[in-house]
Amino acid sequence: MATVQISKSKQVRARLSHPVIDSDGHTVEFEPGVMERLHAIGGPGIVERYKTKRMDGMASSLGGMLNWHRLSPEERRDQRLTVPPWWALPAKNTLDRATSMLPKLLYERLDEMGIDVSVLYPTFGLLAPHLDDEEIRRAACRAFNTYHADIFREYGDRLIPVAVIPMHTPQEAMEELDHAVNTLGMKTVMLAGHVLRPVPAVARTTPEAARFAYWLDTFCLDSDYDYDPVWAKCVELKVAPTFHSAGMGWGSRTSTSTYMYNHIGHFGAAGEALCKALFFGGVTQRFPTLKFAFLEGGTSWGADLYAALLARWDKRNPEALENYNPANLNVEQLLDLCQRYGGRVTEGKLDLLANASGATINTKAAPAQKNDFWRCNITKREDIRDLFVPHFYFGCEADDPMNATAFNTTANPFGAKLGAVYSSDIGHWDVPDMTEVTEEAYELVEHGVITEEHFRDFVFTNPTTLWTGMNPDFFTGTVVEQQVKHLLATT
C-alpha cells in the first residue's frame, strides 16, 4: 500500500496549539457563473459592455495596461504603456488551479495547506470597483458579490468570501455595503482604495488629454466628497474596511517591458497612499473603533510609515515649526556672518539676498493652516502611536521575510508590534504550490527570525483582533469559534 504523503504545512499546523487564520486567500472566478449573474442584474448587453469596459477600465485605472497586449513593442514605447500582469495564475499545477475555482475542492484541501479558516478575496473582481462607467461598475460589483455569496454559502464554517465595494461616490459605496451585508449576508468587504479623477483644468481645456492627467483621490484629504458617511456605515454594519488596490502604472512603476519592475512594491504603494490619508485625515481619531487592513503589500512599509510619522511630528509639530519660521531669522546676524566669512561667495551680492528666490530671508509662503496634523488632534508623540498601531493591519504573504518587521520591538517606536496578518495569496502566481504556504510562513520561526509567540500573533491573534474588532461574532459558526472565544476572554 502506498504511503500517504502529509504536507509540511499540515505537519506545522499539527504542532501548533492555536488555529491558523488566513486573511487573504484568493478565489479565481468561474467567469461564466459571474457573467450569468451580471446579465440577470444588468440586462441585455451588459456582459459585452462589461468585457469592453474591463479592458478600458484597466486602461484608465492602471495606466493603459491591457491595451499593451494589442500593440507592437514600438507602439508600446510610443504610448508609454505599462506592461500588465501576465501569466498571473498557476497553470502547471492543475489541481491548484481547479482548487482556486471550486469551493468544494478548496474546502476539502484546507488541511493540506495548514489553514483552519480562509478569508477569500476575488481575482477578476478586484478590478470591478475601479471601472469608470458607473452603471457597469455597480452592476459588476453586485454580480461578483452575488456570485461569491452564493457559491461559498455552504462552506461558511471555513471559507469567508469578501464583497467588493465601489468608492467613486459615498452614496454608491453605502448602497453596495448595505446590499452585501444586509441582503447577501457577507461579513467582509473590500473597498476600492482610491479613485483616479481627471484634473479639472485639463478636462476643461484639453479634454482629449484628460485621461493622461489625473489625480489620486484617497477619500480623506482634499476630496470633493465627504467619505465620513462610508466609515460610519462600516461601523454600523460591523465590517472592517479592507483594501487590495494596485499601484502599478503609478510614478516609476510604468515599465513598458518588465512586469516585475512594476510589480515590486506596488501593493505597498497603494496601501501607503491610503493609510497616510486615513491618518492625516483624522479618520482613526473620529472613528475610534474602526479597523483597516491593507492586503498583500507586507508590513515593512507600515513600519516605515509609523516611524516616519513620529519623526515628522518631532520636527514639524506646531511648536517645532518655529525653528523654520522666517520671522525668527536674525537678519542682522546673518548679514554680519556673511560679511565676515563669505569672502568671494557673497562679496558684492549681499544687497541681492533679500530678493533671491528659494529659502532665503523673505520666504514666507505657507498655508493658512500650518499644522499638518490638525485633523488628528495630536498633542504628543503617544497620540500617533494610539491613532496608528491599533487601527491598521497589514496583509503579509507567507514567503515574505520582511514580515518580521512587524515584531521588531527594538526598532519600532514605543516598542510597538504592528498588526501583521497572515495572507496566503493562494490562487495567484505567488503560490505555485498551495500546500506550502503555512510551511513557508513558519520558516521565520525555524530560522530564528521571529518567535513562536510572534507566529501565533501573525496567524491567529492579529487576524482575530482585526475581524472581531468590528464584529465580535465574526467567527461564530466557524471551526475556530471556541478558540477565538477563549482568546478574547483571556486578552
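In what order do the six strands of the open sheet lie? The legends below start there, using a predicted model.

View 1. Six strands line up as β4-β5-β8-β9-β10-β11. Their pairing is parallel. β4 (163–165) and β11 (419–423) are the edge strands, each pairing on one side only. On average, neighbouring strands are turned by 30 degrees against each other, direction ignored.

**View 2. The pairing of β8 with β9.** Strand β8 covers residues 241–243, and strand β9 covers residues 292–294. The two run parallel and are joined by two bridges. Phe 243 has Phe 294 of β9 as its bridge partner.

**View 3. Helices packed on the sheet.** Helix α8 (residues 170–183) touches β4 and β5 (189–191). The direction of α8 makes about 165 degrees with that of β4. Helix α18 (residues 452–468) also packs on the sheet.

**View 4. Helix α2, its length and its buried residues.** Helix α2 takes in twelve residues, 31–42. At 1.5 Å a residue the helix should span 16 Å, so the 16 Å between its end C-alpha atoms agrees. Gly 33, Val 34, Met 35, Arg 37 and Leu 38 are buried in α2. In an α-helix there are 3.6 residues a turn, so residues three or four places apart point the same way.

**View 5. The residue after α2.** Gly 43 follows α2. The phi of Gly 43 is positive, near 85 degrees.

Note on methods
Residues are numbered from 1 along each chain as its sequence is written. This is a predicted model: local features need pLDDT of at least 70, side-chain atom pairs count only at pLDDT 80 or more; totals for chains, interfaces and linings use all residues. Side-chain values use heavy atoms; hydrogens and water are left out. Helices (H or I, at least four residues) and strands (E, at least two) are DSSP runs, numbered from the N terminus. The expected span of a helix is 1.5 Å times one less than its number of residues. Buried means under 20% relative accessible area, exposed over 50%, partly exposed in between (1.4 Å probe, protein chains only). Two strands pair if DSSP finds at least two bridges between them. Axes are lines fitted to C-alpha atoms, for helices over the stretch in contact, and angles run from 0 to 180 degrees between N-to-C directions. Contact means heavy atoms within 4.5 Å.
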